[in-house]
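Subject: Structure handover

Hello,

Here is the structure you asked about. My notes on it follow below.

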Amino acid sequence: MAEFAEGQITTPAVREAICVNLILACLESPLPWPLLFLAFDQDKINVEKDNGVFLSTTFDLTQLNASVSEADCVGRCAEVMLRILRLNQKKRLKSYELLNRKVEHGAYTQFSEVYHDFRLTGLRRKKRFRLSLISAFVVARKDIFFRILLVFSVVCAVVAAVMLISYLAVGSFPLFKLFGQSMDMIGTEQLNVK
């Protein structure tokens, strides 16, 4: 991350996304606290193209300190996050301000606290357009829609076949007589007399 982050992290939303992914990578990491601390010390943090974060596990164990706790790892992670949030910064983000204040006072002892604060103050993501929500809904249920369309097509084909057979047998479409000019003559009375 130290070598390529500055070129990849261009917007505040990307900076915050990488920070959230870094916290999640630390929460999901199976590494014990001393090795996780080494990952921060030896810059074993990697950023992927989609802003995902993963930790490399090639450590120089000569610097290993077995007494490192989660609070130490959280403090070091918060420092890395502050560096990320300062990259290409034109204005200070709320997440940066809160994180900076709490790091100065040593308020963080768990990764979940950092994650909670960061999600509260992070930039709100734009809501997806309704059209994209509808298309995602349709794609997720495409098999159901295909079956409904297939049944509808079969019903239309059956109705068309019945109409064709009735036309060939009677010489007209009896179905059309129901909807067209059926009220012109009632008994012996003509209604449309001009």
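Asn51
Neighbours within four places in sequence aside, Asn51 is in contact with Gln8, Val14, Ala17, Ile18 and Asn21.

Confidence
The mean pLDDT of the protein is 80, and 80% of the residues reach 70 or more. Helix H8 has the highest confidence, with a mean of 90, while helix H9 (residues 174-179) has the lowest, with a mean of 67. Where pLDDT is low, the predicted coordinates should not be read in detail.

Overall make-up
The protein has 9 helices and 4 strands. Their order from the N terminus is α-α-α-β-β-α-α-α-α-α-α-β-β. Of the 194 residues, 26% are buried. The accessible surface is about 13,900 Å², and carbon and sulfur atoms account for 61% of that surface. Taking contacts between residues at least 6 apart in sequence, 63% join residues at least 24 apart.

The core and helix H4
The largest nonpolar core contains 36 residues, and those with the most contacts inside it are Leu22, Leu36, Phe40, Met81 and Leu99. At least two residues of this core come from each of H2, H3, strand E2 (53-55), H4, H5 and H6. H4 gives the largest share of the core, 9 residues.

Helix H4 covers residues 70-86, and its 17 residues should span 24 Å at 1.5 Å a residue; the end C-alpha atoms are 24 Å apart, so the two values agree. The buried residues in H4 include Cys73, Val74, Cys77, Ala78, Val80, Met81, Leu82, Ile84 and Leu85. Among the elements that cover the buried residues of H4 are helix H2 (12-28), helix H3 (33-41), strand E1 (45-47), helix H5 (94-105) and helix H6 (111-121).

Cysteines
How many disulfides does the model contain? The count is 0, with a disulfide taken as a pair of cysteine sulfur atoms within 2.5 Å. Two cysteines show how the sulfur distances work out. For Cys26, the closest cysteine sulfur is in Cys77, at 4.1 Å, which is too far for a bond. For Cys19, the closest cysteine sulfur is again in Cys77, at 8.1 Å, also too far. Cys19 is buried because its relative accessibility is 0%, and Cys26 is buried because its relative accessible area is 2%. Cys77 is likewise among the buried residues of H4.

Helix H8
Helix H8 runs over residues 142-170, which is 29 residues. From its first C-alpha to its last, H8 reaches 42 Å, close to the 42 Å expected at 1.5 Å a residue. Gly171 follows H8 and has a positive phi, near 100°.

Regards

Terms used
Residues are numbered from 1 along each chain as its sequence is written. This is a predicted model: local features need pLDDT of at least 70, side-chain atom pairs count only at pLDDT 80 or more; totals for chains, interfaces and linings use all residues. Side-chain values use heavy atoms; hydrogens and water are left out. The expected span of a helix is 1.5 Å times one less than its number of residues. Buried means under 20% relative accessible area, exposed over 50%, partly exposed in between (1.4 Å probe, protein chains only). Contact means heavy atoms within 4.5 Å. pLDDT is the predictor's confidence in each residue, from 0 to 100. Accessible areas come from the Shrake-Rupley method with a 1.4 Å probe; for residues, only the protein chains shown count as cover. A nonpolar core is a set of buried Ala, Val, Leu, Ile, Met, Phe, Trp, Tyr and Cys residues joined through side-chain atoms within 4.5 Å.
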